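Biologist: I am new to this structure and would be grateful for a guided discussion. May we begin once it is displayed?

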Amino acid sequence: MLRASIAAMCALAIGVHAIGQDSCVVFKSAPSTVPVVSKGKTSPILTSADDWPGVHVATASFASDIQRVTGAKPSLSNFTVTSSLSASTPIIVGTLGKSSLIAQVVNATKLDVSSIEGKWESFLAREVKNPLPGVAGAYVIIGADKRGTIFALYDHSEQFGVSPWYWWADVPTTKHAELFVTSSGCSHGSPSVKYRGIFLNDEQPALQSWAFEKFTNGTTDSPLNSPFNHFFYAKLFELMLRMKANYLWPAIWGSAFAIDDKENQPLADFYGIVMGTSHQEPMMRSTPNEFTLFGKGTWDYLHNADNIKEYWLEGTKRAKPFESVYTLGTRGFGDLPLSEDTNIELLEQVISDQTAILESVYGGDVSTIPQIWTLYKEVEGYYDGGMRVPDYVTLLWSDDNWGNIRRFPTASERNRTGGAGVYYHVDYVGDPRDYKWITSSQISKIYEQMSIAVDREATRLWILNVGDLKPYERETEFFITYGWNTTRWASDNLNTFVSAWAQREFDVSPAVAGTVVDIVANLTRFNARRKPELLNATTYSLINYREAEGVLSSWATLQDASTKIYNSLSNDLKPSFFQLVHHPVLASANLANILVSAGINNMRASQARISANDMADQAQKFFERDFDLETQYHELLNGKWNHMMDQTHIGYYYWQQPMTNTMPAINRVQARKQALAGIMRIVPEGTLGAWPGDNSNQCAQGYNCPPPSISLDPFSPFGNRYIDVGAGGPVPFTFKATSNESWVSLSPAQGSISPKSPEQRVFVTVKDWSRLTAGTHTATVTFTATAAKQPPLAVQVVFTATKTTLPGSFRGFVEGSGAVSIEAAHSTRNTTANGVSWRELPGYGRTLSGVTPWPRLGNNDSNFTIGAGPSLEYDFYNFNTINGSGNITVTTFVSPSLNAGERDRPLAFAVQVDAQAPQTSYFFPPAVPGGLPTAWGGLDGFVANGIISVNMIFNGVSPGPHTLKVFAIEPAVVVQRIVINTGGVQPSYLGPPESTVTT
Ligand SMILES: *[C@@H]1O[C@H](CO)[C@@H](O)[C@H](O)[C@H]1NC(C)=O
């Protein structure tokens with residue numbers, strides 16, 4: 001699983017501590033640099049008293065950051081004519097059009113600021129000569145506006161080595177005695193996405209309990225007793241600005257931002273954060289909480305409009321002094337749909353009344369006030385039903401809460417002045433099940449969806465539901481960083497985000513960072529295959545394709561890699577690595593171990609194997625360890641993050657979180673009692689049955705069943721089969737495995753079984769396929785148990801070896817055990833049509849990667865007719881068809897992307913075998929406007945499985961070489977895997993392992 005990703009990492013030139021930024025910081029003197037700290041001397045920092053307060057706050061942080069790095073604190077002052085600056089190269093900080101100091105410097109130096117002037121949040125920094133009387137040179141940091149200056153400062157801080165997460169994830173700062181900036185400095189134009197925000201949501205139990213302990217003394221001034229006061233938010237605002245986020249939907253469930261602490265709202269503006277409210281809280285008021293406290297009458301616009309308008313007027317007046325984005329529209333109380341008698345007309349009235357409120361408070365034209373209308377759930381249906389809002393209002397499209405965006409702007413919607421945005425989730429409470437415990441979103445998937453939003457111009461505002469914020473630090477930063485500059489990131493350089501992140505956070509070598517890339521990719525891949533909350537003891541097959549054990553061994557590999565890094569880190573680096581990588585790996589791996597142990601326990605108990613009890617003990621041990629890991633997190637750094645891992649995650653009964661973690665059911669057998677059928681249990685791979693004796697899984701009848709059988713061919717996955725020999729009770733015995741045919745290999749062919757060592761796996765294979773003739777060969781494998789004072793016991797297993805032969809000329813995928821399994825990226829050929837071709841999204845999806853038509857707008861914003869689009873071609877060879885019928889089933893595993901494009905163009909692709917007519921799939925069923933089809937939900941639905949399996953039957957595919965083609969019809973379809981069933985596909989979660997390919 002672990003592959004070094006160094007080559008990919010070098011694809012993008014990256015500074016030591018910069019993630020996708022220009023680099024302008026060095027740690028030793030060099031030509032064309034300006035000292036920040038050198039030989040113990042610090043350069044003074046100059047600001048202007050008339051600059052924004054937020055700039056002063058950030059400049060003070062910037063000065064502290066220099067001290068964090070060098071130990072020396074620079075002087076920081078507002079420039080006055082009397083400032084004594086001789087013999088120094090000051091750092092001059094300020095905002096264009098605001099700072100009189102910057103005006104003076106620009107005037108004196110004739111610095112060309114046209115590249116940033118009037119450009120939202122842009123900045124430049126560079127060395128200038130003779131900026132001020134008596135000052136020969138300086139390094140100026142100039143923002144085009146308030147946040148332009150703030151982001152410029154924090155951009156430098158990050159490159160100095162101060163992580164945005166230095167407090168929020170305890171990332172230590174690497175010390176340097178010397179610190180320089182380059183003369184040419186750093187600059188950045190306007191960000192790709194204007195508003196880049198986070199939404200604290202569903203903050204109980206973790207964030208809220210933690211904040212209560214850390215930011216209150218047990219009581220609060222909040223009428224709701226919310227802990228989210230200005231002490232908390234000051235920490236959050238700083239983090240956001242350091243990440244270059246600018247927009248916040250505050251915690252809402254037991255909170256009301258503006259009244260929990262009267263300082264919250266002014267503080268946001270003071271820092272430079274634009275406040276908003278969630279999709280269901282119009283006009284800058286926390287709803288329903290504030291309405292419950294202060295509103296008159298009921299939350300019913302049909303019957304109580306005047307009081308609700310009054311309530312919204314208050315919110316608008318209150319927010320007027322501050323920078324805000326207004327949420328328009330309305331939903332029902334508690335984020336529920338409005339009542340049934342609600343209709344488009346009423347909602348249009350709501351918006352028109354809200355517009356009137358804005359006009360009355362702000363006076364005149366309100367088209368320049370940022371406003372959003374969130375098309376979440378049923379509200380999207382109103383839009384589809386024809387409801388429209390003023391052109392200047394941003395349409396905020398939403399995902400399905402599971403990371404699949406529901407709708408992208410269509411060609412005709414892309415020229416609205418208010419533009420469009422996206423509300424996205426990495427944490428969710430709701431159907432089919434909450435996911436809010438641990439990181440379970442792949443950066444590659446976030447990129448895949450958000451990059452479509454970029455290409456379809458939904459870039460005015462992005463907001464990410466981050467739940468408790470921790471443990472989604474990395475995914476949150478990726479979302480914001482991508483929005484900051486979407487041109488820096490492409491499907492094939494996402495690994496450089498994680499490797500640069502790892503180097504910044506853990507000060508590790510590029511090689512170790514490469515390992516972290518793989519750990520993170522696999523951690524999130526495994527947790528995204530199925531959210532941990534949705535896993536159960538039999539999600540992964542216990543008997544087919546060695547799936548469950550493969551999952552555990554992959555987790556073990558990750559645990560080992562993570563542990564190795566953790567152990568190698570100095571003590572000051574351990575806490576951050578633990579929070580950001582190690583804990584999620586250990587805790588997720590441990591959960592997999594709890595569940596698979598329970599699954600094996602249940603199975604073995606039904607098979608009368610006393611080792612069932614060992615698995616029960618093991619499940620119990622892992623279950624306890626889950627709490628140990630939570631406790632370890634909570635005890636970190638003297639309890640700094642106490643409660644942050646309070647979230648329950650084991651034993652869901654329905655969509656909502658269980659009130660405590662509940663152990664999966666385990667069974668026990670009487671270890672002192674002898675199994676009725678005898679001392680030895682024989683369980684071949686691929687069956688839930690056990691022999692001798694009766695077992696409902698042996699055959700349909702459940703008694704008098706035939707002996708067990710196993711089969712193998714030269715292209716079977718794993719190249720062998722196993723037969724487990726187990727103890728059926730307390731009596732120790734020895735066993736011998738023998739065969740009547742000399743071509744059979746048994747390993748080991750004997751063993752000793754006892755309660756202390758109750759299981760032995762015997763592998764069965766063919767010694768040398770070349771010495772078998774083509775066709776089917778049958779052998780009997782006999783297991784004989786010998787024990788003192790016991791009757792002799794022998795169990796026979798029928799072993800069928802089918803020698804399939806391939807013409808030497810064939811190149812491609814070869815059927816094994818009745819299946820051809822293909823990773824979609826491994827096409828034999830890949831064609832282009834009208835400049836569109838299938839491109840790999842590395843690391844994406846459940847197994848290897850995904851492939852999707854590129855560019856994302858498809859055939860120039862249009863689709864392809866069946867068979868005309870670019871194709872992926874796979875050569876394969878089959879030896880069988882289903883029951884000899886000539887039929888095969890092709891299952892294409894596609895991502896559960898939604899029909900998010902033009903209304904009349906659902907997602908589609910076509911599959912063709914040889915020259916047969918292509919079959920088309922419109923795999924995402926239609927749904928009522930704003931709704932989702934039944935197949936999307938449920939515990940076996942599209943999002944629970946993280947995949948849609950599209951089955952097609954092809955006839956007349958007689959044994960031999962064939963070519964399968966996948967044709968693009970619509971863009972935004974992501975194909976992950978293709979499984980061809982020629983009669984042998986067995987049930988499993990991920991499908992058979994990839995087939996042999998001859999080259
Ligand atoms: C500069 O002036 C502003 C506005 O009066 C003030 O808030 C800030 O603290 C001053 N900075 C320093 C370093 O004195």
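Biologist: In which helix do Tyr233 and Phe237 both lie?

Modeller: The model is a predicted one. In it, Tyr233 and Phe237 are four residues apart, about one turn of the helix. The helix that holds both, residues 230-243, is α6.

Biologist: Is the ring pair of Tyr233 and Phe237 stacked or edge-to-face?

Modeller: The ring centres of Tyr233 and Phe237 are 5.6 Å apart, and their planes meet at 20°. Planes under 30 degrees apart count as stacked, whereas those over 60 count as edge-to-face. With planes at 20°, the pair of Tyr233 and Phe237 is therefore stacked.

Biologist: Is Tyr233 buried or exposed?

Modeller: Buried residues have under 20% relative accessible area, and exposed ones over 50%. Tyr233 has a relative accessible area of 1%, and Phe237, at 0%, counts as buried. Tyr233 is likewise buried.

Biologist: Which residues have the most contacts inside the largest nonpolar core?

Modeller: This core has 239 residues, and helix α18 (residues 574-606) gives the most to it, with 15 residues. Apart from it lies another core of 33 residues, including Ile679 and Trp691. Within the largest core, the residues with the most contacts are Phe232, Leu236, Phe237 and Trp373.

Biologist: With which residues is Leu236 in contact, leaving aside its neighbours within four places in sequence?

Modeller: Leu236 is one of the residues with the most contacts inside the largest nonpolar core. Beyond those sequence neighbours, Leu236 is in contact with Trp168, Ile198, Leu200, Leu248 and Leu469.

Biologist: How many aromatic pairs are there, and how are the rings of Trp167 and Trp641 arranged?

Modeller: Rings pair if their centres lie within 6.5 Å, and by this rule the count comes to 58 aromatic pairs. The centres of the Trp167 and Trp641 rings are 5.6 Å apart, with planes at 65°. Since planes over 60 degrees apart count as edge-to-face, the Trp167 and Trp641 pair is edge-to-face.

Biologist: How many residues apart are Trp167 and Trp641?

Modeller: Trp167 is in the loop between α4 (146-160) and β9 (179-182), and Trp641 is in the loop between α19 and β19. The pair links distant parts of the chain, its members being 474 residues apart.

Biologist: Which residues make the nonpolar surface patch of about 380 Å²?

Modeller: One member, Tyr654, has its place in the loop between α19 (611-639) and β19 (680-684). Tyr654 is partly exposed, with a relative accessible area of 47%. The patch is made by Tyr653, Tyr654 and Trp655.

Key:
Residues numbered from 1 in each chain as written. Predicted model: local features only at pLDDT ≥ 70, side-chain atom pairs only at ≥ 80, totals over all residues. Heavy atoms only, no water. Patch = residues over 30% accessible without salt bridge, like charges linked within 9 Å, V, L, I, M, F, W, Y side chains within 5 Å. Areas by Shrake-Rupley, 256 points an atom, 1.4 Å probe, with all protein chains shown as cover. Salt bridge = Lys/Arg side-chain N within 4 Å of Asp/Glu carboxyl O. Helix = DSSP H or I, 4+ residues; strand = E, 2+ residues; numbered from the N terminus. Buried < 20%, exposed > 50% of the residue type's maximum accessible area, 1.4 Å probe, protein only. Core = buried A, V, L, I, M, F, W, Y, C linked by side-chain atoms within 4.5 Å. Contact = heavy atoms within 4.5 Å. Phe/Tyr/Trp six-rings, centres within 6.5 Å; stacked < 30°, edge-to-face > 60°.
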